[in-house]
Structure formats: structure tokens, C-alpha cells
Amino acid sequence: MDDHALAVLEFPAVLQRLASLTSFSAGREAALALRPLADIELVTRRQRQTGEAVHLHRMATTASMGGARDVRDLAWGAERGQVLTAGDLIDVASLCRAAGQVQRTLTRQVEDAPLLAQVASGIADLGPLRGLIEDAIDEGGTVRDSASAELAQIRRELTEAHSRLQQRLQAMLSNSGVANALQEPIIVMRDGRYVLPVKADFRGSVRGVVHDTSSSGQTVYVEPLAVVDLANRWRELQVQERHEVERILREISAAVGAGAEDVDDAVRRLGEIDLAQAKARLADELGATELALRGRITWLADAPAELRLVEARHPLLTGHVVPTSLHVGGDIRALLITGPNTGGKTVALKTAGLLCLMALAGLPVPARLGSQIPVYESVFADIGDEQSIEQSLSTFSGHMTSVIGILERAGERSLVLLDELGAGTDPTEGAALGIAIVERLVEAGASLIATTHHSELKLYAHQTPGVQNASVEFDLETLRPTYRLTVGLPGQSNALAIAANLGMPSDVIERARAGLSSEERDLEALLADLRGQLAVAEERAEAASRAAAETEAIREDLAHRQSELAADEARIRQEARARIRRELRELERLVEKSRREVEAARIEQARVDLARARARVDELPPEEPREFGPTVDADDIQPGTRVWLRGMDTAGEALAEPDEHGELEVQLGSLRTRVRIEQVARIDAPERVWVDRSRVGLAQAADVGSEIDLRGRTIDEALPSVDEFLDHAARAGRPRVRIIHGKGTGTLRRAVRDFMERHPLVKGYETATGPEGGEGVTIALLESV
């Protein structure tokens, strides 16, 4: 971008205002370094980032920069071996803390502000560095005792040495022989040593080292010999403390230096975020939030395209600002603005140029929706050395020098702004030169906005395709400009009308009118008539606009009501679904409660039936003594086999096959023991009591078995089988059974164990031992029934 154009369009003043809204130095530096870009993708990203910041600002979500410090120089100094002071390190820790806070704040806003969240997420984790500093240095900048074991020891000894030194000095003050020699009974310090103020006449009464004398010579400051060794020890410890503190600071500084790149990047990212938030504050001050969009930026276009501003406002004007609307580019390559002095021509010119620069720099643009700003490669402006919004001061030669440079560089991706085109020389030659300049820029494809007073240029614009007139209005009754820009009509000078209203004699006005050519009089009359027609058309357009606004308001109201109805319907549906879910959960609880009650009743009935069966068994005649057969074959014993041991009249259960030593593990009631195969008298199917709700009897039935194999089954197939197996095993009096589910993904194992937790016949379960199957087998411990 042309630096002269940036200056005359007052872009640096906008940056100064932006910089005043930043929160710390890196953000201010980024604001002042901001420049317009010519790449539409980069400009779009900047504007999206600004839109995100405006959105967060509207939601009162701010990434606080409290504590942020620009410590890049300190970090790079530490990287070169510089030892940072404790205060410097506290600033580094403060930066680390601020970086972490900003990162946490913005990464939570990834949906509302993805670009800013992306910037924040790139901040390195500086928590360990912060922790290292804060663990060693307190907020006051003092190295903590806990920074190292050596420092803690030194400071303990230092405190003790100082205490002993003070006690010895206090004892000397209490000594009458010493007290009489003192000017005052106090302890003072000279050159880092504790001394006593001894009267000069009593110098010999206190033996010691003289460190100072008073200005009058009446007092000698003496360090008694009795405390010199204590004081020396105290000073030695102070030196050790200083060296240890320096060592600690050197180590921490080295850590800062090792992370210099991360610290530098964090400061840069915080500056970028601070700049975005400053843009949001600027948008709020300027009322420039309408074009601040987070998503697709539709109002940016690649040059050459039409520049279209709708109700644009100059950002540096204060008070009541009349908005400006204009368009140039596309089919209209040049816009020539005419009208009286101080009517707002230059303001319109500067507004167009400055808003383009702001848009290309990613700043908020104070204009309405419907605006469009091309991404120009260059913006050129010739407004004069002393040009301000109120007045223009320049020379013809200065203008021509600037215009020549513009003609040499301007192309189809350029915006050119020329003030007082053709002024400062003979009107006829100036008009001809102005027309030639406009033609040259139009041929080059540039978009041109120029102001002029030449009637020839008005006529040229009226007759030339691609060139259009525009004018600023002037109120003849108040003799004040209205600052309204009208595109499509040339301006009137109004010199005669202004002079007449100011009291110019009528005969002078008439002579002046007679001096005008017929063409000029006809032109003025035509312009007056056109303005009258334009006023009528504007009134009609305003009426139509009001009607359209009313229609739009009705449409929006209907849409709002429809939206409310849809929201009410969705809410009612959601409440109904929630109510149904609550009722379903309640039903499930009732069903589960009923199931538990039924199972409890079933168990209780089984216990009653068992008691009755046992009573009937007791009434039977005594059973003949059992005859044990020969010792069984070890190969016939499998896990779960019922075994009868010699000398015992109750059966046990084999928990595993006999090992190579001929031993096996047997469960006898609640007792688990190992026996030799020779102790096994026989194995057989047990007699069991079969109990149901209808009858009680003793039956010899097929062995229920001590295990069930579920491998290869689905959960829906396995759980009913487990329920039936547990019921039969409990009725058979088995205290423990094996449920083989395999290892696999663990889904079947979890389902079986969840089922057993709720089963009334299971009082507990455990994972099988390695020989029994490990994680692939669950041992269920059953209630007795």
C-alpha cells in the first residue's frame, strides 16, 4: 500500500485509537504495526477473527490479559546466558499464568470463535515453567527457603547466628561497665556490621574495631571484640546465602532460556488475541458491528469489483455524523463529486478510502449491510499536504507531482482518490487536464473517486459511459451544507443564491446572471428541476421503504410467532418424553421390587419345604452303613466330581483333577483341603432333596453338576441358563459352582457377574484360581436352601 495514501487518509490515527484499546504492550505493538493486505484470503481471515471477537464481546466473554507481560527480551537474554533477577522471573511467571488463563478461556469457545480458539490452542504449555518459578520465588520477589535444601539450611544457620549475635550485644548493653561508656544504649549498623555508639572519651573502655565516627567526633562506633567472631560467622552465612540465591536464579534463568521460543510465541499469540479484542472494542465505539461476521464474509470481493458503501461513517468524526452512500467500480469506473466548498466532498472521499484501508487491515468497518469492499492491491490518494476534513491547502505543482506518480502505478486493482481535480490553474486548462486524467485512469481499469468544481467535468461525466456524477447538497435557507451525497446528479455552485441570501444587492445579482451564458443558465435550471424531481422520487421511495419495513415487520412477527409455536411444540414433546421416561423408570423399579419380593418369597417357601423334607427324612428308618468300594481311578475324578473320603459319611467336591503327586483339592462344606487319592473311597452321584411348590420328596436324580459352560452363547441365551442352573444347584445344596464364560472381550463375564449381584440365591462370587480357569471362570457362592 502507498504510504502517502495511508498518511493523508489518516490511517495511522485509526491505529492510534485502536492501540489505546489494547491491554498490554505486545497487543499495542501489534496494533500499531497493522497494515492493509492485498490477499483476499488473508483479509477474510482477519475479518472473521474480528467478527469472532465482536461476538465474544457481545456475550461479555473476554480473555483477560491481566498479568500479561512482554518478556521476550528477557527470555532471549536468558537463552544467551543472562541471569534474570527475581523480579524478571516473576514477570515471566505472570506471563505464563496469563497465557494459561487465555488458553483455557478461548479453547472453551471453539464453536463460537474457532479462529481465536486456534490461536490460543497453539500456546505452549508454560505451566511447568511457571511452577518452577513460583515454587522458588514468592510474589514479593524473594527466593523462598524451600527453593533448595542448601538455602533452607543456610538461612536456619543465618537466623541462629544473628540471634546469638544480638543476644551477645544485648548482654553487653546490660553490662554497667559498657553501658556507662555508651552515648545511648542502642545497637546500630555501620558498613553491614553491628556496632555500639561509644563516647570518644571512653574509647578504651570498650575494646573492639572502630568502623565509624560521628561528624562531631564525640561518638565512636565500635564493634566489640567479643562479638567479632559471631559477626564474621553471620557475614559468612550472608555471603553463602547470596551465592546460593544466585545459583538458584541461574538455574531458573537457564530454564527460561530453554523455553525462549515458547515464551516468544506465547507473547506473540497473546498480542494477536489482545489485538482482536481491541478491534471488538473499537467496533463497539464506532457502532461498526453490522459487518463484523464470524462465518462467510460476503461483503469482501476480489478487485476489480464494485466498491459499494451503504451509510458509511468516517471513524474519526465525532458528534452527529451524516452517513455517506456511494458506489464505484464495475460498470462505473469513475465517480466525480461536485458541489460547494465545505459541503462534504473531501469527507466523502476520505471516508471511502479510509474504510477500504480499514477493511483490508481487518478492522471493523462502520457501514451497513449491503456494502461491498474490494480487496485492492493499492490505494492512491492526492488530497494535499495540509488537507484536513475542514479545509484544503495545496499547490498545483504538488498536485501534479503526486498525480503523475499515481498515473504511472495505478491499474485495474487500484483505488484512486483525487481531491480538487484540475484546480490551482486556469479553469479551462484545468478542466481539460482533469478530463484527460480521468480518461487515462479509466483506460487503466482503476476505480476513481474525484472531487472538482469544473462544470466541464460535470458535463463530461454526464456524457461519458463508465463515468458518473455525484454531488453534495447545500441548504440555501440556512446557508449550511447538509453533507448528503447524491449519486447521479452533478452539484450546483449556488454562488449567486448564497450571495443574494447574504444581502448582495439585487442589481449586482442580476448583472451576474446576465453574464452567464445561456448554456450555464439552462444547466442550472435543469439541475434545479432535476433536484426537485429527485426530492419527489425520494419521498416516494421513503414511503415505499416504510411500507416495505412495515411488511417486513409483520413478516418477522409472523415468523417469530411461528418460531415460538415450534418451540412450544418441541418443549411439550420434550416434556412428554421426559415424563414417559420417568414413568418407565418408576415401572422398572416396581417390577424389580416385585421380582425381588417374589424371589424372597420363593426362597422362604423353599426353606420351609426343605425343613419339612428334613423332618420327614428324620422319621425314616436308619440307613444301612455304607460300604466303600475299592480306591477309585484318578482319571475318573474331574473338577466338580462328588467324592467320598474314607472315615467320613458326607461327600465333598473335587475342585481340580489330581496332580502328578496323586493329590487333589477338595471342598468339604466351608472347608477347602488337599487329600491324597488313596483317601478317596468312591465317587458317585449324590442323593439330593428335590423341592418344589407342590410336593416334597427324596429322589435320586441326575447330578446337577458343579459347573455350566456358556462359551459360544449370547448374553440373551446365557442369562436364562445361568438362572436355571443356579436354582437347581442351590436346591441340590451346592455351596459353590463354576460358571465358565471364557475371557474374550469380557462382555459376557460382566453381564454374568452383574446378573449374579442381583440374584437372590448368590451371596457372593469370585474369580477362579489359575488351575480352575482364572479370568475365564467365575465361582458363585450360593445361599443354602
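**A close look at Gln667**

Guide: Leaving out residues up to four places away in sequence, Gln667 touches Gly652, Glu653, Leu655, Arg672 and Arg736; a contact here means heavy atoms within 4.5 Å. This is a predicted model, in which local features need pLDDT of at least 70 and side-chain atom pairs count only at pLDDT 80 or more, while totals for chains, interfaces and linings use all residues. Residues are numbered from 1 along each chain as its sequence is written, and side-chain values use heavy atoms, with hydrogens and water left out.

Gln667 sits in strand S17, residues 663-668. Helices (H or I, at least four residues) and strands (E, at least two) are DSSP runs, numbered from the N terminus. Because its relative accessibility is 9%, Gln667 counts as buried. Buried stands for under 20% relative accessible area, exposed for over 50%, and partly exposed for the range in between, with a 1.4 Å probe and protein chains only.

Now for charged residues. Asp659, Glu663, Arg674, Arg676 and Glu678 are linked in a network of salt bridges, each such bridge being a side-chain nitrogen of Lys or Arg within 4 Å of a carboxyl oxygen of Asp or Glu. By this rule the count is 39 salt bridges. One of them joins Arg368 to Glu290, with the closest N and O atoms 2.7 Å apart. That pair links distant parts of the chain, 78 residues apart: Arg368 is in the loop between helix H13 (345-360) and strand S9 (373-375), and Glu290 in the loop between H12 and S5. Both partners are partly exposed, Arg368 at 34% and Glu290 at 28%.

Another salt bridge runs between Glu377 and Arg413, where the closest N and O atoms are 3.0 Å apart. Glu377 lies in the loop between S9 and strand S10 (378-382) and Arg413 in the loop between helix H14 (396-409) and S11, so the pair ties together parts that are 36 residues apart in sequence. Here Glu377 is partly exposed at 48%, whereas Arg413 is buried at 18%.

Lys279, in helix H12 (residues 260-286), is buried yet has no salt bridge; the nearest side chain of opposite charge, Glu272, is 7.9 Å away. Beyond residues up to four places away in sequence, Lys279 touches Leu18, Leu34, Thr50, Ala361, Gly362, Leu363 and Pro364.

A cis peptide bond, with omega about 0 degrees, joins Ala303 and Pro304, and Pro304 is in the loop between strand S5 (300-302) and strand S6 (307-312). Asp191 has a positive phi, near 55 degrees, although not a glycine. Asp191 belongs to the loop between strand S1 (188-190) and strand S2 (193-199), and at 65% relative accessibility Asp191 counts as exposed. Glu420 also has a phi near 55 degrees, but Glu420 is buried, at 18%.

Among contacts between residues at least 6 apart in sequence, 67% join residues at least 24 apart.

How values were computed. Lys and Arg count as positive and Asp and Glu as negative; His and the chain ends are not counted.
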